[in-house]
Amino acid sequence: MNIIVCIKQVPDTTEVKINPETGTLIREGVPSIINPFDTYAIEEGLLLKEKFGGTVTIVSMGPPQAMEALKEAVAMGADEAVLLSDRAFAGADTWATAYALSRAIRKLGEFDIILCGKQAIDGDTGQVGPGIAGQLGISQLTYVFKIRELDPETGTVLVERLLEEGREVVQAPLPALLTVVKDINQPRYPTFMGIRRATKMEIPTWAAADLPACDSGKCGLNGSPTQVVRVFAPPAREGQVDLIAADDMNEAASILADKLLAEKVI
Amino acid sequence: MALLEINKEECIGCEACVDVCPFGALSMVDGVAEVDEQCTACGPCLDVCPADALSLAERPEAAAEDLRAYQGVWVWVEQFQGEAASISWEMVGQGRRLADQRGTTLTACVVGHNVEHVAKQAIAYGADRVFWVDDASLAVYRTQPYARTLVQLVRQYKPEIFLLGASSRGRDLAGSVATELYTGLTADCTGLDIDPETKLLRQTRPAFGGNIMATIISPNYRPQMATVRHRVFELPEMDASRQGQIVAVDPVMAEDDVATKVVEFIMEQGEVNLADAKIIVSGGRGVGGPEGFAPIRELAEVLGGAVGASRAAVDAGWIPYAHQVGQTGRTVRPDLYIACGISGAVQHLAGMGTAKVIVAINRDPDAPIFGVANYGIVGDLFEVVPALTAQFRERLGN
């Protein structure tokens, strides 16, 4: 089986702090990590490979430093990796990102399944997965939290998707693109041997010109329909906490219950 | 790969750009500004540079007459088993407001099987026209036939703005439709407005785990598409006497041509539907184990709410992932959020920080959750929560 996993290197948003005076991000000391949802996609790819054989190829688009994320994925056990990095890709929104990734996947050749995280924690859009599926004209299965069955012979996959009202069980033909949620597995740690392999491995970097039938007018800023025009700090929650102090918990609970009923939220 | 051009000859090293860059992409090296890969070409630095040393690459512009052909505001009405999702009526309410601002009409797209009643509801909530696509092959949501239906309608009727709810299905569908149409799509918006000068849709959304807000436009592509977060906008009033046009549209795909099949749907109990819940009672590390959720469930039941959980509780295996609130779980916006034994890590706050009223119950008076809460009780949740349950049981008479 040819398994492709798309990943993104992101700043660890849990470490991001805001400068209260300017309302801007303080990035100093914020580590770059593999988007947490993508680590589940990598793990699922490795599990499929262990079951069915084949190769796991990691694809990412980003600045040269995103190579670290690819090395980490190789250290976890991925076979191959490729980085899309080029000034022509800079400033890509989700449409242009999906376009470039889909062109790179075409260049990689035949594939059976593409795995992505359900969204990246910096942009939180969840649009690149469906974008890649749309560009490649294959089925998309989003919010997958379990692969129930996969049959390479008949070329079908049966998954459970996590939706608001419950779990939907869907069957799709391969090749298909799956975006996965956190519950699907427990990502493994890089192994010592894996780290050694990753350190030695020469991971190729592809520019826009390296991708077949890639229209540079559809890449990066030029190819992006959306444009960020303003960035600002979110409005802080108003007011201070009303800490309810009382002699005992029953009294505190009674006061709180009255206040909540007065808020008309119950 | 940086997008910003810095004229090093003109730069006077005043650091004004460094201070305003929301992404921290600018720094001073040897008294001259330098930009790194984090640049998103958002532009505040251009405005503050006193020396005009900064510039951004020009974007290509579309022909204005092509864009003028796109008119009207559209909304996709999501339905599950014949019942419309409340998020869709919130979209209809917003669509109505935007259509009125643009002096145009509001169209709702109702796709499903035996859903004429939903089409009628859409009129009652504010649509002028409904495209009603009804076929057995559309009974259950599937990306391919739904996306093809909407793509064909958009190509034929050319709306200027197209809104979808940011539910799982809405995001799945919007991503597919916008890809096929090659147009701009902004995810999970919490604010929508028409720019009074350019008449463009200004779409505002949180990013970086809720640490910053970004306003996004799509000046050269149509329709301007956005998915919108649940429970940010009010439900509009329903008026059964409203008049509108229902246009029946033929399905575009035959069942045999649809690649995917929905085999089964496993419904969750009511306590897990966090997206629709008006009240959520959540437990964190403080509950101590799976059995610690018992008092949380009891309070949720008395209040008619759903049960949420922090990542710590889910990762410990005390409660399934479907309950997880926060950046890696669900984003919720209930009227009332009661956080029990939750410290309030940034990721958790990103998922519930916009709840109308937040109550924090925690033993640690310094827990960050008290920083966002409206009401707090410092104490042991195993004493406070049952006491609260008893109080509500008495007051609500159940």
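User: How many residues of chain A are in contact with chain B, and what makes a pair of residues count as a contact?

Analyst: In this predicted model, 80 residues of chain A are in contact with 94 residues of chain B. A pair counts when the C-beta atoms, placed from the backbone, lie within 7 Å.

User: Which element of chain A gives the most to that side?

Analyst: Helix α6 (residues 249-262) of chain A does, with 10 residues. By class, the side of chain A that touches chain B has 40 nonpolar, 25 polar and 15 charged residues.

User: What makes strand β14 of chain A and strand β14 of chain B a pair?

Analyst: Pairing needs at least two bridges. Five bridges join β14 (residues 227-232) of chain A to β14 (residues 212-217) of chain B, so the two strands pair. They run antiparallel, and A:Arg230 stands opposite B:Thr215 in β14(B).

User: Why are α8(B) and α12(B) called roughly parallel?

Analyst: The axes of α8 (residues 293-303) and α12 (residues 381-396), both of chain B, come within 9 Å and cross at roughly 20 degrees. Angles under 35 degrees count as roughly parallel, and α8(B) and α12(B) are therefore described that way.

User: Is their crossing left-handed or right-handed?

Analyst: The crossing of α8(B) and α12(B) is left-handed.

User: Which residues meet there, and what are their classes?

Analyst: From α8(B), B:Pro295, B:Ile296, B:Glu298, B:Leu299, B:Val302 and B:Leu303 take part. Their partners in α12(B) include B:Phe382, B:Val385, B:Thr389, B:Phe392 and B:Arg393. By class, this contact has 11 nonpolar, one polar and two charged residues.

Notes
Residues are numbered from 1 along each chain as its sequence is written. Chains are lettered from A and ligands numbered from 1 in the order in which they are written. This is a predicted model: local features need pLDDT of at least 70, side-chain atom pairs count only at pLDDT 80 or more; totals for chains, interfaces and linings use all residues. Axes are lines fitted to C-alpha atoms, for helices over the stretch in contact, and angles run from 0 to 180 degrees between N-to-C directions. Helices (H or I, at least four residues) and strands (E, at least two) are DSSP runs, numbered from the N terminus. Angles under 35 degrees count as roughly parallel, over 145 as roughly antiparallel, 65 to 115 as roughly perpendicular and the rest as oblique. A crossing is left-handed if the near helix is turned anticlockwise from the far one by less than a right angle, and right-handed if clockwise. Two residues are in contact if their C-beta atoms, placed from the backbone, lie within 7 Å. Ala, Val, Leu, Ile, Met, Phe, Trp, Tyr, Cys and Pro count as nonpolar, Asp, Glu, Lys and Arg as charged, and the others, Gly among them, as polar.
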